[in-house]
Amino acid sequence: GFEDTRGTIFFHILEYLKTKQPDVFILENVKGLLSHDKGKTFDVIINSLASTVNGQCLMFPNDDTLGYNVHYQVLNAKDYGIPQNRERIFIVGFKNNQAFNFPKKQELKLKLKDLLESNVDEKYYLSEKMIKGFLSKNNNFNGKFEPKTIESLIANTLTARCFKSGVTDNYIQLQKILGTNQGDRVYSVNGLSSYLGSNGGGGSAKTGLYAIPVLTPNRINKRQNGRQFKSDGESMFTLTSQDRHGIYDGYKIRRLTPRECMRLMSFPDSFITPCSDTQIYKQAGNSIVVNVLKEIFKEIKLNEHNK
């Protein structure tokens with residue numbers, strides 16, 4: 001909000017646009033910008049920037065509006081190839097009146113487990129003592145971490161608040177860990193990650209806690225392409241992209257590593273992060289998902305070519 005100094009950065013952006021007059025600009029913010037202060041904050045932003053919005057003329061633009069042709073839409077990272085549930089509003093402005101369409105949604109082919117590292121330091125795992133303290137005595141939990149349906153990529157959210165949300169899927173009940181809702185949950189790796197926050201520290205409330213299947217070596221029955229493993233002849237699980245082999249032997253609960261967070265922002269492993277874990281977590285949470293931005297750039301270039 002504009003009453004917070006962090007919110008007033010928009011007016012610095014506005015001054016920059018007035019001075020430099022770029023042909024195109026892209027702004028990104030949290031989805032809540034649309035509803036903040038009953039929509040008044042967003043109205044100030046749009047009225048300061050635009051003469052048209054999503055192809056429609058503004059009825060009462062500001063006298064000193066910059067006069068850009070502005071398009072805005074909420075985009076979710078999961079619709080652009082990244083298994084993270086991250087909704088952000090994007091505002092794209094053009095100096096001319098060229099047509100523009102936000103990128104179409106894409107089929108999500110990855111699951112969170114496809115982005116996990118194969119060798120993870122123990123410091124990212126919860127201790128056995130902590131896990132025992134978190135597990136619920138509720139008999140509804142039977143140790144399964146699966147998508148709600150075979151066709152769905154979106155996994156169950158295992159939460160202590162299922163009675164409030166009406167969710168009746170299997171879950172682990174957790175104590176209050178870090179004082180936030182996200183810190184009360186353990187997510188499956190068979191679907192999407194929760195959104196990555198930008199607060200420092202890299203605790204579970206920022207990255208989410210995830211149940212990671214544990215494999216024990218099974219060299220006798222090892223399959224060449226190792227696609228499945230099972231426990232007691234019951235649930236079948238798909239192996240991760242690391243092509244590991246073994247038998248399902250329970251699970252361990254941990255937060256995401258810094259590299260996994262960067263992968264969830266679609267940064268390649270070649271992207272160097274020469275700083276502390278805390279700073280990497282903050283950088284990831286404050287960044288824009290590269291895949292989403294890339295698709296927007298493609299649309300801008302396409303429409304410039306067709307104008």
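**View 1. Lys 95 over the ring of Tyr 68.** In this predicted model, Lys 95 lies over the face of Tyr 68, at 4.5 Å from the ring centre; a charge sits over a ring if NZ of Lys or CZ of Arg is within 6 Å of the ring centre and within 35 degrees of the ring normal. Local features need pLDDT of at least 70 and side-chain atom pairs count only at pLDDT 80 or more, whereas totals for chains, interfaces and linings use all residues. Residues are numbered from 1 along each chain as its sequence is written, and side-chain values use heavy atoms, with hydrogens and water left out.

**View 2. Aromatic pairs.** The structure holds 6 aromatic pairs, where rings of Phe, Tyr and Trp (its six-membered ring) pair if their centres lie within 6.5 Å, with planes under 30 degrees apart counted as stacked, over 60 as edge-to-face and the rest as tilted. One of them joins Phe 25 and Tyr 68 edge-to-face, at 5.0 Å centre to centre and 75° between the planes. This pair links distant parts of the chain, since Phe 25 belongs to strand β1 and Tyr 68 to strand β4, 43 residues apart; strands (E, at least two residues) and helices (H or I, at least four) are DSSP runs, numbered from the N terminus. Tyr 68 is buried at 0% relative accessibility, as is Phe 25 at 6% (buried means under 20% relative accessible area, exposed over 50%, partly exposed in between, with a 1.4 Å probe and protein chains only).

**View 3. Helix α2.** Because 7 of the 10 residues of helix α2 (residues 40–49) are buried, the helix is largely enclosed by the rest of the structure. Among the buried residues are Phe 42, Ile 45 and Leu 49.
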